[in-house]
Structure formats: C-alpha cells, structure tokens
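Dear colleague,

I am handing over the structure that we spoke about, and below it you will find my notes on what was found in it. Please read them with the structure open beside you.

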Amino acid sequence: MPAYNFLRQTSLVASPVRARQGLLNASGLARHQQGRRAMAFSTDRANTIGFIGLGAMGNHMLSNLISRYKQPGVGAEVGFALCDVDQAAMKSVVKRQGAEHPNVPLVSCSSPHDVAQRASTIISMVPTGKHVQEVYVGQGKSVLNALKSMSQDQRAATLCIDQSTIEQSVSKAVALHLREVGADLVDAPVSGGVVGAEKGTLAIMVGGSKSSFDRSLPCLQSMARKVTYCGDLGAGLAAKISNNLLLGITMLGLSEAMLLGKRLGVDPQVLADIINNSTGRCWSSEINHPVPGVEVGDSSPPAHRNYEGGFVTKLAHKDLALAVSAAEEANVPLAMGRCVEETYRPLATSKEFRDRDFSVVYEALDSLSSSARTSKR
Ligand code: NAD
C-alpha cells in the first residue's frame, strides 16, 4: 500500500512545462560565430569533447565546461560535439553557446555514434539507465558501434564520463562493454541541482579506474565545487543514490512537520525559522523550503514559483526507486526509504506533479489532508 493515497486529491494546479527557448535552424557541421555564421568544424578527435544530453542539467554543465575547461599540457584548440534527441533543445543550446563563445568550435551531431567519431572524451547527462544503454551500447547509432569501426589506438584514447543518475548495475555493464573494445567509462553523477549546474558548484562523485578518474578531472573540475574519487566502477553512483535517499526522506519529513505545525496553529514562517535554528535543520529547510511564501535567507526555492524548475518529482522518485532496489540487492533494510518511495510513486506519474520540483510533496500532502478534513465534516 502506498504511504499516502494521492488519488483522492481534488483541486490541483496544472503543471507548467519547463520552457526551452530559442529555435535555430542549425544542423550538421557547424562552427558558430556570433551565434549565426557556420564554418567548417576542423578540430581533431583528440581535442574534441562530446556532450550528450543537453537538458535541465546538461546545458548548464556544458556552458561551464566551455568557459572553464583547461586542456592539460600545451593547449591546442578544443572543440565540442553536441547531441540531444530533442532537436529544439539542441538548437537552442548551440545558438546560445555560439553567441557566448564565438571562437569556440561547436558541432551539432545527429547521434552518439556521430559524437564518438568526432570526440575522444564523451560526457553524457541523460535521464535514466535505459537512455544510457541506448547512448553507449544500443543496437543503432551508439558509441560502441562507432568504436567498433575505429583503430585500437582511437578506442584506447576514448574516455566516456556518464553523469546521469542510474542503476549501478547498468552503469557497470555499459562500462564493461566499452572496456571490451579498449575504451573506458567512469560513473560521475552529480549533486547540487540546476542551480549548482548553472553556477558550476556541483559535487561530483566518481567511480571507475583511478587512471580514468585522473583523465576525467579537468572536465569535471570545470563544472564542480568538489570532485571526489569514490572507488571502482559504480562507487560514484552508490554515493549519489545514498545521498538522494536521504534527500527524499528529509524533504518528506520537513513537509510533514511543516503541515503538522501549521494545523496545530504555528505560523509557517515562524516554524521555518525555528527549524532552521534547531535540530531539524537540513538542506530542504535552508535552501529548498517546500512551503510557498516561507522566506529562508536569500534563497529562492521552487516553492516560490509554483514549484517550477528544480529537481523534478519524476526524477526524485526515480532515485528513490534506485535506492529501494539497490537495498534489496544488498540486503539492507530500508523501512523509511520504502515509505518515502511509495509516497512519491503516485506523484511521479501524475500530470499535476511529475514535472514540478520534488518539494511539491508539501502541496500534495496539504491538499490531501484538506480533502480528508472536508469529508469528515
Ligand atoms: P532532462 O530530462 O532535463 O535532460 C535530459 C536530456 O537528455 C534531455 O534533453 C533529453 O532529450 C536527452 N536525451 C534523452 N535520451 C537521449 C539520447 N538517447 N540521446 C541524446 N539525448 C538524450 O534531465 P536532467 O534534469 O538534466 O537530468 C539528467 C540526469 O541528471 C538524470 O539522471 C537526473 O536524475 C540527474 N540529476 C538531475 C538533477 C536535477 O536537479 N535536474 C540533479 C542531479 C542529478
């Protein structure tokens, strides 16, 4: 049984879709100057970084990579090969980056296969394990299929850096497939949300061989406040999944506490200030407060914008589900984690909630308990 039955909800606010602006009719080979003029992309593979997945996180991570990346050794010109299945998102990113960095070679790629042909370092930031499999080892135009037609030297020079939050088992299997042909992959999931991605202050947790970690550092440091080597393949994901389990627990706990306090007669702002000066303080209470109207320091949480932007509920639930299934495999009891996963599960598939920040669980609880109070009368 789910911990809460949100299906009984009555009045919910429609979900706004994340806006993606600006369409440019660019395709194929392009070096954008002043964001408009296309020139031939001539940067060689060794000096090209591929970026696959230019969504809420990826587009900002790319931006910092382009601005801050320092080529180890004597600096040749570095180019970037970009790819996203969402053509509108890709064109928008290419247009913006071309305008901001008119002298940096950029190329739009039609597939991960195309990216792998142009770039020896490939970064991915896609939603789920299924997408990561498709990108790297899929039947069609995947990275692996491109590598198969390359020389041994080119394969050995290929380093893949997957930054998506996915199952450890999928990541390890993909890495082993790539190793079979002489390339390598590190798992390098991130924490810090869209704001951290934009400011370049992410915390990045890396799993894989130490030598591949060392090779990945210049790229990762350009988007992060802290990059930590966690151990062998999958260790970065282990750290990320454990952190996000706790994040879900604290967000739901804070939402319940805020709702209880409000119903018992404390003003939400007063209660929020008390919690932030007491033992209940956490990231959700200090930075990402779930109650609309509550002011916390100078933060501007998604709750102030009808929960738009931020870490969307369907991805937060995906991470909780990853934690639950990882715990089953590892024989770890997860009473609280299961309860939180069950609470988020119906929200992750609901039109009203799935594309809004995961702090929207407060609104769901509030509206659920309001309808329960009405039906008691
Ligand atoms: P998103 O959905 O905004 O972006 C993902 C992008 O990948 C989309 O533009 C999509 O079109 C593209 N994509 C999907 N399949 C593809 C394919 N086969 N080839 C090329 N492009 C493909 O998601 P996001 O919020 O950027 O999250 C990405 C990953 O980062 C997820 O695993 C998520 O859990 C993790 N993460 C997200 C946040 C956050 O706050 N949003 C924070 C930390 C970690």
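Asp-153 is found in helix α6, which spans residues 152–156; helices here are DSSP runs of H or I with at least four residues, strands are runs of E with at least two, and both are numbered from the N terminus. Asp-153 counts as exposed because it has 9 C-beta neighbours inside 10 Å. The scale behind that word calls a residue buried if 20 or more other C-beta atoms lie within 10 Å of its own, exposed if there are 12 or fewer, and partly exposed in between, with the C-beta atoms placed from the backbone. The C-alpha atoms of Asp-153 and Gly-182 are separated by 8.5 Å, although these residues are 29 apart along the chain.

Two remarks on reading the model belong here. Residues are numbered from 1 along each chain, as its sequence is written. The model is predicted, so that local features need a pLDDT of at least 70 and side-chain atom pairs count only at pLDDT 80 or more, whereas totals for chains, interfaces and linings use all residues.

The protein chain holds 15 helices and eleven strands, and buried residues make up 45% of its 377 residues.

Next come the strands. In β4 (residues 79–83), five of the five residues are buried: Gly-79, Ala-81 and Cys-83 lie on one side, and Phe-80 and Leu-82 on the other, which leaves both faces covered. In a regular strand the side chains alternate between the two faces of the sheet. Strands β3 and β4 run parallel and are joined by five bridges, and Ile-52 stands opposite Cys-83 in β4; two strands are said to pair if DSSP finds at least two bridges between them. Strand β4 also runs parallel to β5 (residues 106–108), with three bridges between them, and there Phe-80 stands opposite Leu-106.

Strand β10 (residues 202–207) is largely enclosed by the rest of the structure, because five of its six residues are buried. Two bridges join β10 to β9 (residues 190–191) in an antiparallel arrangement, while six bridges join β10 to β11 (residues 224–231) in a parallel one.

Which residues of helix α4 are buried? In α4, residues 129–137, they are Gly-129, Val-132, Val-135 and Tyr-136. Seen down the axis of α4, these buried residues fall within an arc of 125°, so they line one face of the helix; the arc is that of the directions from the helix axis to the C-beta atoms. Among the elements that cover them are β3 (48–52), α5 (143–148) and α7 (168–180).

The largest nonpolar core has 95 residues, of which Leu-82, Val-143, Cys-160, Ile-204 and Val-361 touch the most other members. Helix α10 (residues 235–263) gives the most to this core, with nine residues. Such a core is a set of buried Ala, Val, Leu, Ile, Met, Phe, Trp, Tyr and Cys residues joined through C-beta atoms within 7 Å.

Finally, there is the ligand. It is surrounded by 25 residues, the closest being Gly-53, Gly-55, Ala-56, Met-57 and Phe-311, where a residue is near if its C-beta atom, placed from the backbone, lies within 6 Å. The elements that give two or more residues to this shell are α4 and α8 (193–199), and the largest share, three residues, comes from α4.

With best wishes

Note on methods. Two residues are in contact if their C-beta atoms, placed from the backbone, lie within 7 Å.
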